[in-house]
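Please examine the sequence and structure before reading the solutions.

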Amino acid sequence: MQFDVRAVFERLHAASRREPSPTLDERDDRLRRLERLLVDHREDFVRAADQDFGGRAREETLLADVLLTVDSVRHARRHLGEWMRPVSADPHPFFRPSRALVESLPLGVVGVIAPWNYPVNLALGPAAAALAAGNRVLVKPSELTPCTAKLCAELVHAAFSAEELVVVEGGPEVSRAVSELPLDHLLFTGSTAIGRLVAKACAENLVPVTLELGGKSPAFVQRDYPMAVAARRIALGKLFNAGQTCIAPDYALVPEGAEPAFLDAFRGEVAQAWPLGASDPSYTSIISDRHHARLTKLVDEARAKGIRTEVLGGAATSRRFPPTVVVGTPAQFSGLALMEEELFGPLLPVLLYRDEAEALSVIHARPRPLAFYVFDEDERRGLETLRQVTSGGACLNDVLVHFAQEHLPFGGVGASGHGAYHGRYGFEALSHRRGVLLASRRSPAHHLLSPPYGTLLRKALDGLIRFGRFS
């Protein structure tokens, strides 16, 4: 399909102004159509993603791309009536018996620029939130997953009008064109570097933007936590989708002396989960030759510095990069590229710390992460450790799974992004919260505030300023 991005936007924009506030039934119908699209074509999405990645585990596509997106849609459908209901507010006593309320209005046209790593969820999940909030939606999928992008465009075209939801295909120039539109909101998921460019482009039109970026999300293992349990959970989270997950544990902080137990369990989990190693059909490929070469270069640099490196699961085949751990002290990792950039692959640095202060200093030396994972059987202490690090999201004693909670906001902070969505948080992020005062003619304000100003107003102002309650 060929798309004139400006023309697509203008049609959505005109519809949003002509019918600015879709009813509950209209929104529910749009969400129902999106749900049916995902359910009926789930195997088509599996095949498209497998082709795009050059080998992707069927279960990973069904779980992360299809099921989680369907769950988002169904959650919105269940709660939409409640979310749309205006909320009463207390007016200032001076204005009673006037009434006040806060209502949620659609913004208009919401743009979504999606990445390649979860090409369905990160394109249609935000779209679901935007539709629930009553918006028209323009989605730009990644050019690195062209089969999935084409499938999304065709299915959406068949299920939605060009005044409701449109998917536009194309390369970076199309993404740039979308970011330069006078949208009512843009939600971008991708790298921090590209996020900066998107934010600059949006600033030209004063377009509010939600940025879901990335960064180096640490996993901190407390000294007395069972190393085997921590290693298994970190391994499964790190290697899901071959590590190509923005909230994957980017590096692990393990106490000195505990690494043998941690590594034994990590090896065991890899052997059990992928018996054929990197060539196992359920082990996902790296998205492109360029990304594969980048990971190889990071490992080669660590080896050249003499840092212990262990490749698990056999040699690389095609673009399947084997699980790899790099083990050393924080000082040994100093200056290495793999501790400076987000890894986005099945490569895990294991940093051996002496005490908690050293571990936290490693984390604080870097920008605020998108996720922070703590493993500690003492829940009170674990929560206190979590409070020591500001991150987009967090888990105690697990990884990744906070993303699947529709009742929790998902978003970044600082260099890992700003703004959040999922569940009600997505509805509110993509709505305008308008305050409305239903003024009463019987409120004292009407009589006191009208000129000519008299003695009664002066006395009222003096009393209110000195002793009054303003809220």
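**Exercise 1.** Determine which residues of helix 2 meet which residues of helix 5, and describe how the two axes cross.

**Solution.** Start with the contact (heavy atoms within 4.5 Å): Arg27, Arg30, Leu31, Leu34, Leu37 and Leu38 in helix 2 meet Leu124, Ala128, Leu131 and Ala132 in helix 5. By class, the residues of this contact comprise eight nonpolar, no polar and two charged. The model is a predicted one, in which local features need pLDDT of at least 70 and side-chain atom pairs count only at pLDDT 80 or more, whereas totals for chains, interfaces and linings use all residues. Residues are numbered from 1 along each chain as its sequence is written, and side-chain values use heavy atoms, with hydrogens and water left out.

Next, consider the axes of helix 2 (residues 24-40) and helix 5 (residues 121-132), which come within 9 Å and cross at roughly 160 degrees. Helix 2 is therefore roughly antiparallel to helix 5 (angles over 145 degrees).

**Exercise 2.** State how Trp83 and Phe427 are arranged as an aromatic pair, and whether Trp83 is buried or exposed.

**Solution.** First, classify the pair (ring centres within 6.5 Å; planes under 30 degrees apart are stacked, over 60 edge-to-face and the rest tilted). Trp83 and Phe427 are tilted, at 5.6 Å centre to centre with 40 degrees between the planes. Trp83 lies in helix 4 (residues 58-84) and Phe427 in helix 15 (residues 423-429), so the pair ties together parts 344 residues apart in sequence.

Then take accessibility: Trp83 is buried (under 20% relative accessible area) at 4%, and Phe427 is buried at 1%.

Terms used: Axes are lines fitted to C-alpha atoms, for helices over the stretch in contact, and angles run from 0 to 180 degrees between N-to-C directions. Helices (H or I, at least four residues) and strands (E, at least two) are DSSP runs, numbered from the N terminus. Angles under 35 degrees count as roughly parallel, over 145 as roughly antiparallel, 65 to 115 as roughly perpendicular and the rest as oblique. Ala, Val, Leu, Ile, Met, Phe, Trp, Tyr, Cys and Pro count as nonpolar, Asp, Glu, Lys and Arg as charged, and the others, Gly among them, as polar. Rings of Phe, Tyr and Trp (its six-membered ring) pair if their centres lie within 6.5 Å; planes under 30 degrees apart count as stacked, over 60 as edge-to-face and the rest as tilted. Buried means under 20% relative accessible area, exposed over 50%, partly exposed in between (1.4 Å probe, protein chains only).
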